[in-house]
Amino acid sequence: MTKDSSPRKKIFTRYETFIIAILAIIQFTVILDFMVLSPLGAMLLVELDITTSQFGLVVSAYAFSAGISGLLAAGFADKFDRKKLLLFFYSGFTIGTLLCGVAPNYHFLLAARIVTGIFGGVLGSVVFAIITDLFKLEVRGRVMGFVQMAFASSQVLGLPVGLYVANLWGWHSPFILIVGLAIATATVIIFFMKPVDEHLKLQTPGNPFKHLYKTVSQPIYLKAFGATALLATGGFMLMPFGSTFGVNNLGITLEQLPLVYMLTGISTIMVGPLAGKLSDLYGKYKIFTIGTFIGIATILIYCNLGITPLWVVIMINIAIFIGITARMISASALMTAIPEPKERGAFMGVNSSIQQISGGFASALAGIIVIQTPAGPLERYDLLGYVVTGTMIVTILMMGVINKIVKEKVKRQIQAA
């Protein structure tokens, strides 16, 4: 028997690998900027002397401004080279994060989060539009798996380092670190990334707002936007109070928090690419459903815990994020198949806006549901868990509709070829 010695064809070229890496780093900085607020929450409540509702507003201010700016930018998203759009919004995000890094009080921080959200909230849609432009649907699950590793990497590298420097130099310092990384990333994009402008050949002259109206008024797109509205609510409701719940209800110390985030992140990094590959091989909706059920089971347990051993908290956290990672990667890959090429930018912009706005409402609602007692522990966190699991069950049904639409679209494309 002879052994096949022919070299295996690589799935991605060197330039495609570079694009995946640079998009992952951008997502890393944007997600870290948002995620770092959660572990800093325990500090901010004390140092800024604010309530849980005010802290929820700091989180939701980013989301609301991101949602509004995304809607305003969506009509123009298909009118420009996506590289230029990426650099424009990334520059604004960097300035906003710098303002967070020098904020002297609560109201300045609130305003800085609005500026960061205006620019940072649009970046996700630009990143997804670039992925959809440059990569075929058959490999997008893998691409999403790698790009979404940014989420886990922010836990492994960003949050422990951020908490460490925050404990050393104060809560402003993590934001300054993000600014430094963002400037280095933008410099690499300027010199090494090629223009992403093939979609401009499909454009016809017209009013950007008419282009936006045409996009948001399509029935198929409206179904996708409806599913997106609920997809983000779970994370936005649980994340902001994660560290406060861990410290005051589960008995985790501030010094142990980096270990919890780091081990959870390492496991998520391993699961991310695997979930992307499995969604390409076995079906994106199937992996989404499995991930959702894992998330539901573990969230219900977590939100009802009292004082708990550290290793149990870590194991449950890992299980939650495995479910969430599988869910978000497969859903993102499936959603990219919905828009037509000439409308991808607008679709992604609106989709991102809806995600941010619904997330903002979710954070604000979480701030109302959860109450911090004078002694420190949070109350009604179990109720928060029930609300989150309810939204997750509904998204299974809604993503089922999206999956059916994508299957019919792919079938029509094969018949037309």
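**Salt bridges and a buried threonine**

Asp280 counts as buried, at 18% relative accessibility, since the cut-off for this class is under 20%. In this predicted model, Asp280 meets Arg142 in a salt bridge between their side chains, with an N to O distance of 3.1 Å. The pair links distant parts of the chain, 138 residues apart: Asp280 belongs to helix α13 (residues 257-282) and Arg142 to helix α6 (residues 137-147). Arg142 is likewise buried, with a relative accessibility of 15%.

Asp280 also forms a salt bridge with Lys284, where the closest N and O atoms are 3.2 Å apart. Lys284 is buried, as is Asp280. Through shared partners, the salt bridges join Arg142, Asp280 and Lys284 into one network.

The whole structure holds 4 salt bridges. Among them is the one between Asp133 and Arg82, whose closest N and O atoms lie 2.5 Å apart. Asp133 sits in helix α5 (residues 106-134) and Arg82 in helix α4 (residues 82-101), so this pair ties together parts that are 51 residues apart in sequence. Asp133 is partly exposed, with a relative accessible area of 25%, whereas Arg82 is buried at 1% relative accessibility.

Turning to helix α1 (residues 14-35), Thr29 is found here. Thr29 is buried, its relative accessible area being 1%. The side chain of Thr29 makes a polar contact of 2.8 Å with the side chain of Tyr90. Leaving aside residues up to four places away in sequence, Thr29 touches Tyr90, Phe93, Ile178, Leu181 and Ala182.

Terms used
Residues are numbered from 1 along each chain as its sequence is written. This is a predicted model: local features need pLDDT of at least 70, side-chain atom pairs count only at pLDDT 80 or more; totals for chains, interfaces and linings use all residues. Side-chain values use heavy atoms; hydrogens and water are left out. Helices (H or I, at least four residues) and strands (E, at least two) are DSSP runs, numbered from the N terminus. Buried means under 20% relative accessible area, exposed over 50%, partly exposed in between (1.4 Å probe, protein chains only). A polar contact is a pair of N or O atoms within 3.5 Å; within protein, one must be able to donate a hydrogen and the other to accept it, and residues adjacent in sequence count only if both atoms are side-chain atoms. Contact means heavy atoms within 4.5 Å.
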